[in-house]
Amino acid sequence: MATIAFLLNGAPQRCDVAPDTSILTLLREHLAQTGTKEGCASGDCGACTVAIGELTAGTQAFNSANACITPAHQLQGRHLVTVEGLSEKGHLHPAQEAMIECHGSQCGFCTPGIVMSLFTLHNDLTQRPAPLTPERLEATLGGNLCRCTGYRPIRDAALQMQAIPYQRPQWYDAALPTTENDAQVIDLAGSTAFFAQPTSLKELTQLRQTAPQARLVAGGTDLWLESTQRLANLDQLIDVSRVAELLTVEEATFETQTGWWVGAGVTYTQLEPLFDAHFPAFAHLLHRLGSQQIRNRGTLGGNIANASPIGDTPPVLLALDAQVELASVNGKRYLALEDFFLDYKKTALAADEVVSRIFIPRLPESRQLRVWKLSKRREDDISALLCAFSYRLEQNTLHDVRLALGGMAAIPKRAYDVEAALEGQPVSKAAFRAAQQALAHDFQPMNDVRGSQAYRQQAAANLLERLYLSLSVPNQEVMLHAYAH
């Protein structure tokens, strides 16, 4: 057990809980706050959505999160807001009032999570007034599933809540507790349960050397499923979400390339401005990478270190020739990302190392990046297949071709034979037919619940055909865009 100090709806709390306690378990079983519901226990349905506040540039900002897969210990020094805390002296929050007026709730089970997503949206729009675009509204509610209402009344409530008068309750301005971690690290090399929360890379690498058996947790969006779905014990955890060096984005030059060093703990939401400005295709993919609750928590470093063959970001990073920085007490070393993945869930990471940063080279104006994701659902779904293409087109001839795919092998992998078939070739049917045939040399896809081997092979060939048709008819999309907007 270890102590965490945080605010719950403005009231100070100190709780002693086990390392693998989720926020949902903390609320329902330790604090008797049952307004937050458990639906899927995997971060998909949004019924357990809560808001977590922290100081950003002197202002308390609230982000939505799935309580079922968020470690309770990460509340240290934070402000947790749940549906119980929104009303003030009998007056409902505008999100609640609008949901009532627009008949946005029927069975009510998912309603608390929807209200909390709308709360974070309302808070953002209040602090930074801006038009509520369809894209922003869809992103806000994309992680909240409801079987009853058909979503139109919920959408109406979101549009109406800004017109409802509202006076912020006093707890908005409650002082956050000290960020000093009360968790005591005891016998790291033994069997004692612990939760360690280092704040520097030096502390992290020392902990990693002392306790190589401990699990690292950042957003927890994948790791915590081992607890909720497999009922595994996560009793030795090192939280990397407070390590300062892992939370930065810096423009820099590495070797001969200019680009950005992205800390492994930077979340997808925090990456959106960079990707919007410099990698629009990558930014577009983020809209289909989980829900907003997941993007608020998930990290680029976690998606890489997890080494899933269907992780969404590694194929894009491979197509961009990304590098990874690996840190230990002995220093740092650098690897091309294509050398990092070895086999299914196996990487070049040593037992005492951590992924500290990722270098993403700047994409020259002459190079193009295209990213296409295939999944059973458009929103909030895992990829069956993901293709990332990077190339330079000069006088209708392809140069510097990079093609990386996820879901086609045990690891995210570049298609070297396909690249060779297209390199230096004109945009022609013959060149792309040769590239499609080369796919069989690069991949023997897997069979699983998301797609058969035959489906994946055909789908990858079809995406090459899509690229050919797109290049043959410049500035014109050849099929329905994967995102409605």
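**Close-up views of a predicted model**

Arg-215 is partly exposed, with 33% relative accessible area. That residue opens our tour of this predicted model, in which there are 20 salt bridges.

**View 1. Arg-215 and Glu-226 form a salt bridge.** Here the two side chains meet at 2.9 Å, N to O. The pair links distant parts of the chain, 11 residues apart: Arg-215 sits in strand β7 (residues 215-217) and Glu-226 in helix α7 (residues 225-228). Whereas Arg-215 is partly exposed, Glu-226 counts as buried, at 17% relative accessibility.

**View 2. Arg-456 pairs with Asp-448 in a salt bridge.** The closest N and O atoms are 3.1 Å apart.

**View 3. Arg-392 and Asp-400 meet through their side chains.** This salt bridge spans 3.1 Å, N to O. Asp-400 is partly exposed, at 32% relative accessibility.

**View 4. A network of salt bridges links several residues.** Its members are Asp-321, Glu-338, Arg-402, Arg-414 and Glu-419.

**View 5. Helix α8 (residues 268-278) has buried residues and, on the other side, exposed ones.** Tyr-268, Leu-271, Leu-274 and Phe-275 are the buried residues. They lie on the same side of α8 because they cover an arc of only 110 degrees around the axis. An α-helix has 3.6 residues a turn, so residues three or four places apart point the same way. Turn to the other side of α8 and you will find Pro-273 and Ala-277, both exposed.

Key
Residues are numbered from 1 along each chain as its sequence is written. This is a predicted model: local features need pLDDT of at least 70, side-chain atom pairs count only at pLDDT 80 or more; totals for chains, interfaces and linings use all residues. Side-chain values use heavy atoms; hydrogens and water are left out. Buried means under 20% relative accessible area, exposed over 50%, partly exposed in between (1.4 Å probe, protein chains only). Helices (H or I, at least four residues) and strands (E, at least two) are DSSP runs, numbered from the N terminus. The arc is that of the directions from the helix axis to the C-beta atoms. A salt bridge is a side-chain nitrogen of Lys or Arg within 4 Å of a carboxyl oxygen of Asp or Glu.
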